[in-house]
Amino acid sequence: MAAAESPSAALRRRDLCSRGIRLAGKMRADVVDLLDTYVEQQGLDASASVAAVEGVPLAAVEHWDEQTGTQRLLENLAAYRAFRALLAQMLEEQREQLGEADAGLGRALAAVLLQVSAFAYHLEELLRLESRGIPGEEGDEEEEDGPPPPPRLSLFEQKLRGLGVLRELAQWAVRSVRDLRQLAKPSPATGAAPGLAESP
Amino acid sequence: ESHTQYERVGADVTMKCGSMDWDAAVTWTANGTDIDESHLNGSYLILKNVDLSQSGQYSCYEGSSWHLKYQTNLRVGMVVPSATGLLCRGEGKGFYCSWHLPTPTYMPNSFNISVIHGTKDMVCEKDAVPKNRCHIRYLQLFSTVKYKVTLTVTNPLGKNFTTLTFDEFAIVKPDPPESVVAKPVPNNPRRLEVSWQNPSSWPDPESFPLKFFLRYRPLILDQWQHVELSDGTSHTITDAYAGKEYIIQVAAKDNDIGTWSDWSVAVHATPWTEEPKHLTTEAQITETTSASTSSFMAPPTTKICDKGAVVGSGAMAVCWTAGLVVAAYSVLFI
């Protein structure tokens, strides 16, 4: 059923969206800086094409303007949860590889990881506002025959994957800003956000 | 039967008189004028190192009967230049590519654009107007996979390719804002109201909002004032020098990515000034005095001095800093 939003809920949603837009904007600026540092310190070619790596959420999307608000929030949340795990892994690999030699890069990675976690939480708040259940995270459930852990990558493969992760994250940050702007728009007919209301 | 023959500037051209034998007696004309025999080798016409002026209609007539045996339209021109000014600009949901030939070839040219995204071919729809532009809508947004655009320009002498490779965000640059208008504000000698519109080539400002940069200066000064505006398509300048003509321009940028547009077309405007009054009766002079002094007072909402720093009294009371401002105005009015 199409639910009309209460004025206070609409205000709260708009407020959360604007704060989210600012968070994502800052996150993107930091990721772009981090990308430059990463490329330089890891001795990579900035223009290198990196094939899509398994587990890295791709920001590329078809029919973006037709997505519902719920879809946007859920896809964003899944992506940032994945980035949280990927960045944590990168940080660990970084510490193993270089120890104290690259403290600057480590700090920058940690700062971005913090922002990614904060943004994921922010998305959960938006979903809660929608009175939607927040999907459980993968890995929470116990599986009897879980997939085997992925084979350990070589140092070079780790670096390339890191490049892929940061590039996709930079794209996602822009997509998130655009998504939140769509979400913040009031719907002309019912006063509810476009896409948040679900048809019977 | 008439032909068209395309040749490159500087080439040596040999024309045969149709099926006539080499030793046949013929006369060649260029645009109706007989060509001297020194250019003939038997019945063949030899033009060495042709230039643009030699374009025209060449005809060959049989010696005695003056039957027209062969006719051709010779077009001398250039090969397609390698630089084509190929430019692609993103507008949110897709992008435009435009091109132009920096130098004319003096012959018909055709243009073909191909776009590849990863391994996928895409079609760039050619605009009717302007002719040298096409538009493509993204199938995917936010992709990191690069686009490769190849322009092939073909003319009768050959072809040339230009390629551009870029990703979605790198080419985002709007066209400048349109319909910039600047107007004085009645009874406000320091204000100018500026308004503009989103460029028409930016199709979806709702989903992809633009922010703007305004710059303005009085014509008599070189230094620009700048204002950045995160939304809205209007702004009121409140610190214009009274009575001075201003030049104003606006630029646009996607709120999140890409680069600033070029500056818009400049508009000129002068803030409102009171009509100059002629000296007449005393009654009218009194009215004039109180009206004109008010224009030299600092605007009531502007707090620019403390009570203690007031100079003068009554209608002409101004404070120190305002006094300096008035002095500056006076200098400008000299």
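Predicted model: local features only at pLDDT ≥ 70, side-chain atom pairs only at ≥ 80, totals over all residues.
**Exercise 1. The disulfides**

*Solution.* 
- Step 1. Take B:Cys17 and B:Cys60. Their sulfur atoms lie 1.9 Å apart. The torsion about the S-S bond is -105°, and the link is left-handed. B:Cys17 is in the loop between strand 2 (13-15) and strand 3 (26-30) of chain B, while B:Cys60 is in strand 7 (residues 56-62) of chain B; the pair therefore ties together parts 43 residues apart in sequence. B:Cys17 is buried at 1% relative accessible area. B:Cys60 is buried too, at 0%.
- Step 2. Take B:Cys88 and B:Cys97. The S to S distance is 2.0 Å. The torsion is about 105°, so this disulfide is right-handed. Both cysteines are buried.
- Step 3. Take B:Cys124 and B:Cys134. The sulfur atoms are 2.0 Å apart. With 90° about the S-S bond, the link is right-handed. B:Cys124 falls in the loop between strand 12 (120-122) and strand 13 (125-126) of chain B, and B:Cys134 in strand 14 (residues 133-137) of chain B, so parts ten residues apart in sequence are tied together. Both B:Cys124 and B:Cys134 are buried.

**Exercise 2. A sheet in chain B**

In what order do the five strands of the open sheet in chain B run?

*Solution.* 
- Step 1. The order is 1-8-7-3-4, with mixed pairing.
- Step 2. Strand 1 (2-8) and strand 4 (33-34) of chain B each have a single partner strand, so one side of each has no neighbour in the sheet. These are the edges.
- Step 3. Strand 1 of chain B runs parallel to strand 8 (residues 68-77) of chain B, joined by seven bridges. For B:Glu7, the bridge partner in strand 8 of chain B is B:Val76.

**Exercise 3. The contact between the chains**

What area is buried between chain B and chain A?

*Solution.* 
- Step 1. The buried area is about 1600 Å², and carbon and sulfur atoms give 52% of it.
- Step 2. On the chain B side, B:Phe142, B:Thr144 and B:Asp256 lose the most area to chain A, together 37% of what that side buries.
- Step 3. The contact draws 18 residues from chain B and 18 residues from chain A.
- Step 4. Five salt bridges are counted between the two chains. One of them pairs B:Asp254 with A:Arg178, with the closest N and O atoms 3.0 Å apart. Both B:Asp254 and A:Arg178 are buried.

**Exercise 4. A helix pair in chain A**

Which side chains meet in a salt bridge at 3.1 Å, N to O? Say what the pair connects.

*Solution.* 
- Step 1. The side chains are those of A:Arg81 and A:Glu124.
- Step 2. A:Arg81 belongs to helix 2 (residues 69-98) of chain A and A:Glu124 to helix 3 (residues 103-129) of chain A, so the pair ties together parts 43 residues apart in sequence.
- Step 3. A:Arg81 is buried, with a relative accessible area of 12%. A:Glu124 is buried at 13%.

**Exercise 5. An annotated stretch**

Which residues of chain B does the UniProt annotation "domain: Fibronectin type-III" cover?

*Solution.* 
- Step 1. The unreviewed UniProt entry gives residues 176-276 of chain B.
- Step 2. Over residues 176-276, the chain is 0% helix and 48% strand. The end C-alpha atoms are 38 Å apart.

Terms used: Residues numbered from 1 in each chain as written. Chains lettered and ligands numbered in written order. Heavy atoms only, no water. Disulfide = S-S within 2.5 Å. Helix = DSSP H or I, 4+ residues; strand = E, 2+ residues; numbered from the N terminus. Buried < 20%, exposed > 50% of the residue type's maximum accessible area, 1.4 Å probe, protein only. Pairing = 2+ DSSP bridges. UniProt positions renumbered as here; feature names shortened; annotations may be inferred. Contact = heavy atoms within 4.5 Å. Buried area = accessible area lost by both parts, 1.4 Å probe. Salt bridge = Lys/Arg side-chain N within 4 Å of Asp/Glu carboxyl O.
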